[in-house]
Amino acid sequence: MTNATETLLKLHNDPVLFVEAILKATPQKWQREALIAIRDNDKISIKSGHGVGKTAFQSWLILWWMLTHYPCKIAVTANTAHQLSDVLWSEVDKWFRKLPEGFKSQLEIKSDKISLKGASDSFCVARTSRRENPEALQGFHSENMLFICEEASGIPDVVFQVGEGALSTEGAKVVMCGNPTRSDGYFYEAFHSMRDRWFNMTVSCEEGDYVSDKFLEDMQSKYGEDSNIYRVRVLGEFPTQSDDVLLPLHLVESATKRDVEPSPTTPVVWGLDVARYGGDRSALAKRRGQELLEPIKTWSGKDLMELAGIILTEYEAVRYNDRPHAIYIDAIGIGAGLADRLKELDLPAISVAVSESASLKEKFTRLRDELFWLAREWFEGRDVKIPQDDALIQEITGIRYKYLSTGKLKIESKDEMKRRGQRSPDVADSFVLTFADQGALASGAMSRWNSRKMLKTNNAWIT
Ligand SMILES: Nc1ncnc2c1ncn2[C@@H]1O[C@H](COP(=O)(O)OP(=O)(O)OP(=O)(O)O)[C@@H](O)[C@H]1O
Ligand SMILES: [Mg+2]
């Protein structure tokens, strides 16, 4: 290999190097992470507050891709022509001017197209996304395809629907950036129902080196830290969802980024939700006080005996001090039988009929409603930690609740969720079962599993 080919290969594999060595820029910490993420992932979505450097980052991507991938195509879209030409294109131009002559001379920049000179198969085009003209992302093919969606919250969903085939082409890279202005749509779903397919990042203005302190102060004094405007423009969080969402995303996500004091003496509790139908999963959650200890494990298609074997293995695999003092199992279906079998094996299993009445009967319809509410209060304490468990985050932030005419609170049932096209929240259900020894149960001296027999007779819903 010649030196030039070797250098090009290095730059091809290292966008950070390209930005630092060729553009002579110093990426901010989040920009560096995002550059590495786009190299290593196909789909990246970045939501942020204002002015953190998204447009600069996308401009770097365009230049890096154009100059180190051949042949290549880039389709850039935004909801307004202003955003594309006055904002993004002028930022690309700003960085283009910083290129060394040898690189600069390879590109030709026009108002809506950047071309690689002498190569008709390599170019970058900008197209406005409009509801009435939704083909912005459609019709592109290249072995090195990059899609960039600027201010993605504002791009109409139909553009993504029409472009879905192109976006999901094997190997095509897709980058969405934006201020998260609305709590629905494709960009929103990339952080929710499609989160397993996207590499997600959130950048608050506090992390942006180019955001002025004055902007932060103004936003704070004008709108207050609890306002949606502050959330969206400064924190880079979606506006708080409609009132019927049990757990807003920001509350749950922030628990993944927090450290809590370890409390080795706090007892561990497990929650086990057992599959009811063929498509459902059995899920096991392990919580010690303020911390969910590991991502929730799931199993499909297991019968009672197989599940008993799995739970026994899980139990024996943990150190004595980390063993649960209680394993709460939803009594529905084979749950009660499973609890009996685990008890025979001398495990602290307790079957709980979550569909029966709550301990606080005047407030909740059923125990399940109460458990979900306890989970909400747990997160609201803002002193809890969960691992980056996307399945749990997705399910628990998708659950809705309402107040009945009796004034009681009711959490949406599994069947209602399924009717809404949501997956059965098996993982979330196992998680909330870990709260079964709180509330009225706690007052029933529920702290030791050998008091189960007493509870069995005193509490109707412990079967
Ligand atoms: N690492 C960097 N080095 C030098 N300048 C930077 C860097 N990152 C961002 N900038 C500059 O900071 C300014 C704000 O960045 P940019 O416009 O990219 O932010 P943004 O997140 O797109 O803002 P908005 O939310 O308004 O769209 C721009 O002038 C940009 O060139
Ligand atoms: Mg911008």
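In which sense do β13 and strand β14 (residues 349-352) pair, and over how many bridges? The two strands pair in the parallel sense over 4 bridges. Within this pairing, Y328 has I350 of β14 as its bridge partner. The report below describes a predicted model, beginning with the overall organisation.

**Overall organisation**

The protein contains 19 helices and 16 strands. Its C-alpha trace spans about 85 × 55 × 40 Å along the principal axes. Of the 463 residues, 41% are buried. Among contacts between residues at least 6 apart in sequence, 68% join residues at least 24 apart. The domain assignment gives domain 1 (3-240) and domain 2 (257-458), and the centres of domain 1 and domain 2, taken over C-alpha atoms, are separated by 41 Å.

**The eight-stranded sheet**

An open sheet of 8 strands runs in the order β3-β4-β5-β2-β6-β7-β1-β8, and its pairing is mixed. The edges are formed by β3 (107-109) and β8 (199-203); each has a single partner strand, so one side of each is left without a neighbour in the sheet. On average, neighbouring strands of this sheet are turned by 15 degrees against each other, direction ignored. Helix α3 (residues 29-40) packs on the sheet and touches β1, β7 and β8; the direction of α3 makes about 170 degrees with that of β8. Strand β1 (residues 43-48) and strand β7 (residues 173-178) pair in the parallel sense over 5 bridges. Here K47 has G178 of β7 as its bridge partner.

**Strand β13 and its partners**

Strand β13 (residues 324-330) is mostly covered, with 6 of its 7 residues buried. Besides β14, with which β13 pairs in the parallel sense, β13 has a parallel partner in strand β9 (residues 268-273), joined over 5 bridges. In that pairing, the bridge partner of L272 is I329 of β13.

| Strand pair | Sense | Bridges |
|---|---|---|
| β1 and β7 | parallel | 5 bridges |
| β9 and β13 | parallel | 5 bridges |
| β13 and β14 | parallel | 4 bridges |

**The surroundings of ligand 1**

Ligand 1 is surrounded by 16 residues, of which G53, K54, T55, A56 and Y210 are the closest. Helix α4 contributes the largest share of this shell, 3 residues. By side-chain class, the shell around ligand 1 divides into 5 nonpolar, 9 polar and 2 charged residues.

**Backbone geometry**

Most residues other than glycine have a negative phi, and most peptide bonds are trans. Against this background, three sites deserve mention. The peptide bond from Y70 to P71 is cis, with omega near -10 degrees. P71 is placed in the loop between α4 (54-68) and β2 (73-78), and α4 is also the helix that supplies the largest share of the shell around ligand 1.

E151 is not a glycine, yet has a positive phi of about 50 degrees. E151 lies in the loop between β6 (145-149) and α7 (157-167). Is E151 buried or exposed? With 23 other C-beta atoms within 10 Å, E151 is buried, the threshold for this class being 20 or more.

R382 likewise has a positive phi, near 55 degrees, in a residue other than glycine. R382 is found in the loop between α14 (367-380) and α15 (390-396). R382 has 10 other C-beta atoms within 10 Å and is therefore exposed, since this class comprises residues with 12 or fewer.

Terms used: Residues are numbered from 1 along each chain as its sequence is written. Chains are lettered from A and ligands numbered from 1 in the order in which they are written. This is a predicted model: local features need pLDDT of at least 70, side-chain atom pairs count only at pLDDT 80 or more; totals for chains, interfaces and linings use all residues. A residue is near a molecule or strand if its C-beta atom, placed from the backbone, lies within 6 Å of it. Ala, Val, Leu, Ile, Met, Phe, Trp, Tyr, Cys and Pro count as nonpolar, Asp, Glu, Lys and Arg as charged, and the others, Gly among them, as polar. Two residues are in contact if their C-beta atoms, placed from the backbone, lie within 7 Å. Domain bounds come from an automatic or database domain assignment. Two strands pair if DSSP finds at least two bridges between them. Axes are lines fitted to C-alpha atoms, for helices over the stretch in contact, and angles run from 0 to 180 degrees between N-to-C directions.
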